[in-house]
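Dear colleague,

I am passing on to you the structure that we spoke about, and I would be glad if you could look through it before reading my notes.

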Number of protein chains: 2
Amino acid sequence: MSASSVRDVALRAGVSVGTVSNVLNHPEKVSPAAVERVQRAIDELGFIRNDAARQLRNGRSRTIGMVVLDVRNPFFTDLARGAEDEAAGSGLTVTLGNSDENPQREATYLDLFEQQRVYGVVISAYADITERLTRLKQRGIPAVLVDRSSPDGPFSSVAVDDLAGGRLAVEHLMSLGRRRLAFVGGPMGIRQVADRLEGARAAVASHPDVSLEVIEIDALSVLAGRAAGADIVGRSPDERPDAIFAANDLVSMGLLQAFAMQGAGVSVPGQIALIGYDDIDFASAAVVPLSSIRQPSALIGKTAVEILLAEVENPDAPPHHVVFQPELVIRASTRG
Amino acid sequence: MSASSVRDVALRAGVSVGTVSNVLNHPEKVSPAAVERVQRAIDELGFIRNDAARQLRNGRSRTIGMVVLDVRNPFFTDLARGAEDEAAGSGLTVTLGNSDENPQREATYLDLFEQQRVYGVVISAYADITERLTRLKQRGIPAVLVDRSSPDGPFSSVAVDDLAGGRLAVEHLMSLGRRRLAFVGGPMGIRQVADRLEGARAAVASHPDVSLEVIEIDALSVLAGRAAGADIVGRSPDERPDAIFAANDLVSMGLLQAFAMQGAGVSVPGQIALIGYDDIDFASAAVVPLSSIRQPSALIGKTAVEILLAEVENPDAPPHHVVFQPELVIRASTRG
DNA sequence: TGGCGATGTTGAATCGATTCAAAGAAGAAC
DNA sequence: GTTCTTCTTTGAATCGATTCAACATCGCCA
C-alpha cells in the first residue's frame, strides 16, 4: 500500500541509503555484488523513485516547460514532437501548455513553470514576456524562443525567416500575374504575423502596379479565416483580391471553406489564388490542395531543446540565434 | 539570484514559517495584519513557492497525467483541452503524453507519472495496462480510461458507444443503396477500432445482400489511409467497394487523398461513398467534405477529470462508467 | 610488519513547504 | 484577580532522495 523509499530498500538489501542512491545514480561506484542485492530489493518492493524528493534536492526538475500559441495547430504539435524526442534523449520530459494567444494563459503557464522549477522553457511567445523570462533566468531557468527571430534579444531563439517567407509567398503570387493581393492574418501583435506581412510588403514594394490589401483577423484559426472569407465573398467581384496570402494554413483553410461553400462559388485558383503558411499535413488534403510556405517544424523544436541543454550546462554563454529558411510548396491553389 | 524560501519570507515579515505557510494555504486562520505583512514580504522578495517541496510533503502532485494515442489527431487535442479546462478549475494542471499507439511509449509515460506521483491518470489506452493501473491505484493514484467503454473493468471510464457509432455509419451507407462495403482501420488491438468494426458487422448482419470487406491498416493516420486508398485505386473498378467506413477521420482523409489524386479518378461519393469517425474540424474542409460520426471530445475529457477528482476524494467508491452516444454528421462524401 | 593507495560503504545533513501540538495573547465572565 | 474561551502564532518534525566527508577494507610493496 504505502510506497517504499530508499530507506526500505536499503534495509531489505542490508546496505545503507547512500549505497542505494549510488546504485541508482552512479552504479559504477558500487561493487557488483551490492548492485545485485539492491536491484533485487528494488524489484521485490516495487520501489519507484519519488521525483519530488529528487527535485527538491537537485533544485531543478527533469521537465522542460513548453508554451505554444495553439495546440490545435499541427505546426505546433509537430514542433512539440521534435522537442519531446530530443528531450527524451537526455532523460527529460516536455510539458506542453497552450496559451491560445491569450497573454493571461501565457503568464499563468510561466508562473506554473517557475513554481515547478522546470529545467528550461521553450516558448512561442505571444505577449512581451521579456521581464518574466529575465526573472526565470535569474532563477537559473533558461528560455528559448521559438518560431520568432529576435537576433538582438537577450534570449536564444530558433526561428524561420518569416520575412523571407512572406516574400516567397507574395513573389510567387505575383509570378502568376496577380496584381490585387491581400494578406489575411492577425493579431498583428504576433511577431510572426507582422514579419510575414512585412516580407510581403517588401516584395510588393518593387512592383508599383501591385496592391496589397491587409485584412486583419483576431486569431489564426480556421474559424477566423472562414469569417474573413465570407466577407470577401460578400464583396462585388471586382472588389475582391485576385490572390491571397494567409498568415497560416488554418486561416487559408478557413478562407477556402468560405470560397467553396455552396452559393459562394469563388473559384480557387481561378478567381482567387491562395497560399498559406506552415505546410501542415492537412493543407494537401483540402478541397483544393493548398500551396504553402513550409517550415521545418520538428527540427525547430529539436534545435530549441539542444540550445536549452547547452544553456543549462553553460548559463553565461551569449544567446544563440538560429534561423531556418522557409520553402515554397506549390499546389493546386496557386496553379494554372 | 538564489531563490528565496518561506524562511526568508518569515524573517523579512517578522513572523514564523508556520504563519507564512498559513497565509499561503489557510489565510482565514491568520490575522489581517499578519497577512498584510507577509504579502508584502513575498512581493518584495519575489518569492515563488517550490512545488517539489510541496509535493514531497503532500505526497501527491498537482498535475494530472494524460496519455493519448496520437496528439496529432485533433480529436485528442480537443479531449485534452476539455480535461485541461476542467482541471484548471481545481488548480490542477495536465501533462500530455503521446503514446503514438506504441506500448513501449505508453508504459514509459505511466512509469514517469508514477515517479511524479501525479494526482491521477487519464488515459486512452492502447495495450492492456490493467496491471500497471492497478499498481498505480495501490499507490493512491486513480486512473480513468477515456475513449473506451469497459463497463466491467475495475477502472472508471468515459467513452462513446463505438458499437452504436459503427452501426450508425454503416446503416447510413446502406441507406444510400450501397452494398459492397469496406471497413478501413486498425490495428485491431485498439479497442475502439474493434468496436466500430463490430458495430458495422452487426448492422450488416441483417442485410444478406450486403458484404463488408475489412481492410486492416497498421495505424490510424492520414498516411496509412492514403496507402490503403492507393491499393483500392489499383484494383479493377468492379472489385472496389462502393462505400467505405473509415475507423477515423484521419484515415478517411488519407483515403480521400488517394482517390482524388491525379490519375486515380475515383469519384467520391459517386463511385465510393466515404464516412469517417470523430468529426474533426478538418473533415469539413476536405477535398470533398467528409461525413463522420461525431464524438463530444471536449466533454469526454471534462467528464474524465470530474470523475478523477471524485475518486481522489473517495478512493474506495466503485468505478464510474459514462457512455456518450455518437451522432451522424452527413456531408458531401455520402450525399447524392 | 607497517604503510600507502585504491576502492567501497556509511549515515548525518540537506533541500523547502507543511503540519500540528503546544504556547501565548486577548478578552469575557464571575 | 482569577479562570475560561477564543483566536493567533510558533517552531520542531516530517516527507524521500542525494551528497560528501569520514571511515573501512583490501591488496601490494618496501
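Predicted model: local features only at pLDDT ≥ 70, side-chain atom pairs only at ≥ 80, totals over all residues.

Residues are numbered from 1 along each chain as its sequence is written, chains are lettered from A and ligands numbered from 1 in the order in which they are written, and side-chain values use heavy atoms, with hydrogens and water left out.

In chain B, strand β1 (residues 63-68) is mostly covered, with 6 of its 6 residues buried (under 20% relative accessible area, 1.4 Å probe, protein chains only); strands (E, at least two residues) and helices (H or I, at least four) are DSSP runs numbered from the N terminus. B:Thr63, B:Gly65 and B:Val67 point one way from β1(B), whereas B:Ile64, B:Met66 and B:Val68 point the other way.

β1(B) pairs with strand β2 (residues 93-98) of chain B in the parallel sense over 6 bridges, where pairing requires at least two DSSP bridges between the strands, and B:Thr63 has B:Thr93 as its bridge partner in β2(B). β1(B) is also joined by 4 bridges to strand β3 (residues 120-123) of chain B, again in parallel, and there B:Val67 stands opposite B:Ile123.

A further 4 strands of chain B form an open sheet with parallel pairing, in the order β7-β6-β8-β9. Because β7 (211-216) and β9 (273-275) of chain B stand at the edges with a single partner strand each, one side of each is left without a neighbour in the sheet.

With kind regards

Conventions
Buried < 20%, exposed > 50% of the residue type's maximum accessible area, 1.4 Å probe, protein only.
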